[in-house]
Amino acid sequence: MTSSSLALPLRAPAALARHLLVERYAPLATTVLALVMIWYIAAVAMNWRLVRDGFEREEVPYSITEVISGTMQAERPLLPAPHQIASAFLDSVFGYSPLAPRSLVYHSLVTLSATLLGFALGAAFGILLALMIVHSRVLERSLLPWIICSQMVPILALAPIFIVVLGALGLHGLLPKSIISAYLCFFPIAIGMVKGFTSPDPLQLELMQTWSATPRQVLWKLRWPAAVPYLFASLKVAVTISLIGAIVAELPTGAEAGIGARLLAGSYYGQTVQLWAALVASAVLSSGLIALVALVERSVARRMGAH
Amino acid sequence: MDALSNVSLQIAEGEFVSFIGPSGCGKTTMLRVIADLQQPSNGTLLVNGMSAENARLARSYGYVFQAPALFPWRTIEKNLKLPLEIMGFSERDQQQRVERYLSLVNLTGFERKFPWQLSGGMQQRVSIARALSFDPALLLMDEPFGALDEIVRDHLNEQLLQLWNSTEKTVLFVTHSIPEAVFLSTKIVVMSPRPGRIIDIIDCNFPRDRSLEIRETPEFLKIAQRVRIGLRAGHSYDE
């Protein structure tokens, strides 16, 4: 057999690229399209009675097509149609100056600052806890049950208590929100880092022992770098959780700003479109935060010889 | 149950001593006790005239495990530097030692590679270079070539012999392989299990610059035969 008969037929580069693109994005596009369609159908079904009752109350003659089109542009629909949410979202993002109180950008920034501070506090606290647990059997036994218990109490019940107590201590605004956010997000980091710090191979630990390495050297040269993959995995979970924490913290404070405040106001006044727009904003924010962590992760992994 | 009992042995400087025996005979335990990775329940052990712990603190030995145990996030160069960093060698000294010991195991040019880019045999050579990098008096090797194939193993045996010849270290070498033990050693310690004990100590004085061909000579085969008899005698206690 000659070598040429073994060669695979080569596809033209352009066709290949198009093919890859299709292969990569077609499934995603299909699901998105299907979801949007289901959403429209649901919007028609859920808002049907609302719109029909409206026509009947005003005793106007109506046709089915009028009701259908009405379900997609109701002012306070049960379920807003996707285009309503999109236009409300774009409107409140680009329609006002970024610092105007009606701008979603402004509210997102308020929540984002609490999220980031809470995330930093939670990460630091989680890593510290993991370090203590890894280095002491006694601390592991005494701390771990409390750490797990802390996550069993619903944050919605705890948040107002935090706000009141911290308020009595003279802390208002950003810090109490961040603390609630940190309270939620330290957990996955602590658990992940305990796993990460104990992940080195026993052989690697024994090697360090044969070199008479100090505990500090073992930490910085072995445990810490070995824990890096675990750190990023838990940071990705933690960053979304800390956003949720910040939003939840805005609910009981009767906060005047933030995504949580928008959600609260939206549900108060039945402004479902505004409610959904705020939800979209929080989804965009958390995807952005995850993407950012993933970006840092990739560059760190490359420097640490990932292949 | 003791892993080792009534073991008494003297090892002189510059010797290459192999410990051979079936698994469970305590040869690894012996090495670990010498390395202070494990403590004997009683008895005395002097490493370079010191207790095992003091010998470890004095950085008297380099240890090579069966697996290379390189740190995957460090380049080859950085892996070699690890013990040097821990022991506080100067930056310049570290660099010189990396160059010297990489060339000693024939891996010059691989400084910037990561461990996964090297074959198993190359990785094991890095781990040997790492064990030698801080110039310990003793080299403790626990089946260092056990996980490698025969061809690589033969090659590394020759290299190790050259290394021993040029550095004049004392080597303690644990193995299952009779030809490996006979080929490398100046002294072979045959051990048997349950409890681990020494059956026979065989002197083995081939010239220091021997080559793989000596494995075909009658002297070699005679010593191999004696090791085999020792191992078999140890086994008769088994049942």
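Let's start with a term: a residue is called buried when its relative accessible area is under 20%, exposed when that area is over 50%, and partly exposed in between, using a 1.4 Å probe and protein chains only.

Before going on, a word about what you're looking at. This is a predicted model, in which local features need pLDDT of at least 70 and side-chain atom pairs count only at pLDDT 80 or more, while totals for chains, interfaces and linings use all residues. Residues are numbered from 1 along each chain as its sequence is written, chains are lettered from A and ligands numbered from 1 in the order in which they are written, and side-chain values use heavy atoms, with hydrogens and water left out.

Now to a strand in chain B. Strands here are DSSP runs of E with at least two residues, helices are runs of H or I with at least four, and both are numbered from the N terminus. Take strand E1 of chain B, residues 16-20: five of its five residues are buried, so the strand is largely enclosed by the rest of the structure. B:Phe16, B:Ser18 and B:Ile20 point one way from E1(B), while B:Val17 and B:Phe19 point the other way.

What does E1(B) pair with? Two strands count as paired if DSSP finds at least two bridges between them. E1(B) runs parallel to strand E4 of chain B (residues 170-175), with five bridges between them, and B:Phe19 sits opposite B:Val174 there. E1(B) is also parallel to strand E5 of chain B (residues 187-192), this time through four bridges; B:Ile20 has B:Val190 as its bridge partner in E5(B).

Next come the salt bridges, meaning a side-chain nitrogen of Lys or Arg within 4 Å of a carboxyl oxygen of Asp or Glu. The count over all chains is 15. A:Asp53 is partly exposed, because its relative accessible area is 29%.

Another links A:Lys221 and B:Glu85, whose closest N and O atoms are 2.8 Å apart. A:Lys221 lies in helix H9 of chain A (residues 215-250) and B:Glu85 in helix H3 of chain B (residues 76-87), so this pair joins two chains.

Back in chain B, B:Lys187 forms a salt bridge with B:Glu15, the closest N and O atoms being 3.7 Å apart. B:Lys187 belongs to E5 and B:Glu15 to the segment before E1, so the pair ties together parts that are 172 residues apart in sequence.
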